[in-house]
Amino acid sequence: MARRRLALEEETTKIDLSSMIDCIFILLIFFIVTTVFVEEKGMAVAKPDAAAAAAAPGEESSKVVLELTAQGEVLVDGKAVPLADVPERVRSGLEDETTPVVIRAHEKAAHGAFVALWDAAQRGGAKMLSFNTVN
Amino acid sequence: MPRRTFSTEPDNATSIDLSSMIDCIFILLIFFVVTTVFVEEPGIEVAKPDALTDAKLEKNSIIIAISSDNKVVYGGKELGVGGVGARVRQLLAKDDLPVIIQADAKSDHGTFSALWSEVRNAGAKKISVSTRND
């Protein structure tokens with residue numbers, strides 16, 4: 001009698017988990033293989049149409065224009081300015097936070113030079129920053 | 001004597017307690033399920049420009065690349081500016097995702113600008129340029 005009860009107890013506790021483990025392993029391997037860890041850093045860029053909608057219209061006179069030539073030179077008011085001085089020039093040109101700053105880049109300018117100029121303008125405190133492309 | 005062998009041997013040899021291993025595997029599984037994002041990578045290596053004022057971008061985005069010779073690539077295929085516009089429109093119809101443009105520092109600004117306009121016309125609300133991860 002005692003022996004039979006022992007056998008019964010064994011039966012109730014055992015669940016065969018091996019097939020479930022197989023399933024979970026397959027899921028685990030699928031997710032490990034498909035996982036990509038995307039770590040992107042960057043800056044949001046806008047053209048004037050989006051930026052101008054937020055700014056007050058008709059303030060054409062009070063904006064800072066930075067020109068980028070095909071050779072990668074930065075011009076402010078038609079004069080060449082080294083990239084290191086751009087933040088200072090932008091800061092002095094801003095009346096308040098909403099003064100638009102426009103980067104007018106030549107289409108043959110290198111993208112790296114454009115990003116560097118965008119970065120410099122942001123360091124100068126430009127909030128309403130946008131770009132135009134000229135040829 | 002025969003009874004002793006019956007009670008100890010077969011039971012001991014077959015049962016291994018797997019429950020703690022299953023716990024472990026479940027934790028791993030949940031981690032991978034939660035962190036997985038299905039992003040189509042452009043599939044080319046670009047020399048991204050460097051910037052100081054950059055910020056972390058959203059993981060779940062549409063990533064388009066411009067190579068140094070001004071080729072527009074999405075999902076491992078060279079689609080051109082017009083082709084990418086059509087794909088982005090398709091993708092945005094399902095889900096409103098931000099767009100990241102990974103342009104090579106040596107590519108032309110004109111290509112980037114054209115791609116920007118195309119993606120904006122396709123309905124993207126937030127468009128970012130990708131910068132170097134440092």
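Author: Two strands pair if DSSP finds at least two bridges between them, where strands (E, at least two residues) and helices (H or I, at least four) are DSSP runs numbered from the N terminus. The model here is predicted: local features need pLDDT of at least 70 and side-chain atom pairs count only at pLDDT 80 or more, while totals for chains, interfaces and linings use all residues. Residues are numbered from 1 along each chain as its sequence is written, with chains lettered from A and ligands numbered from 1 in the order in which they are written.

Reader: Which strands make up the open sheet, and in what order?

Author: Seven strands run in the order E1(B)-E1(A)-E6(B)-E5(B)-E2(B)-E3(B)-E4(B), and the pairing is mixed. As a parallel example, E2 of chain B (residues 62-66) and E5(B) share five bridges, with B:Ile62 partnered by B:Val99 in E5(B).

Reader: Why are E1 and E4 of chain B at the edges?

Author: Each has a single partner strand, so one side of E1(B) and one side of E4(B) (77-78) have no neighbour in the sheet. Helix H3 of chain B (residues 80-94) packs on the sheet, touching E2, E3, E4 and E5 of chain B, and its direction makes about 30 degrees with that of E3(B).

Reader: How many residues of chain B are in contact with chain A?

Author: There are 41 from chain B, facing 35 from chain A; contact means that C-beta atoms, placed from the backbone, lie within 7 Å. H2(B) gives the largest share of the chain B side, eight residues. By class, that side has 22 nonpolar, 11 polar and eight charged residues (nonpolar: Ala, Val, Leu, Ile, Met, Phe, Trp, Tyr, Cys and Pro; charged: Asp, Glu, Lys and Arg; polar: the others, Gly among them).

Reader: Why is H4(A) called oblique to H5(A)?

Author: The axes of H4(A) (residues 86-93) and H5(A) (residues 111-123) come within 7 Å and cross at roughly 50 degrees. Under 35 degrees would be roughly parallel, over 145 roughly antiparallel and 65 to 115 roughly perpendicular, with the rest oblique, so H4(A) is oblique to H5(A). In their contact, A:Val86, A:Pro87 and A:Val90 of H4(A) meet A:Leu117, A:Ala120, A:Ala121 and A:Arg123 of H5(A): six nonpolar, no polar and one charged residues.

Key: Axes are lines fitted to C-alpha atoms, for helices over the stretch in contact, and angles run from 0 to 180 degrees between N-to-C directions. Two residues are in contact if their C-beta atoms, placed from the backbone, lie within 7 Å.
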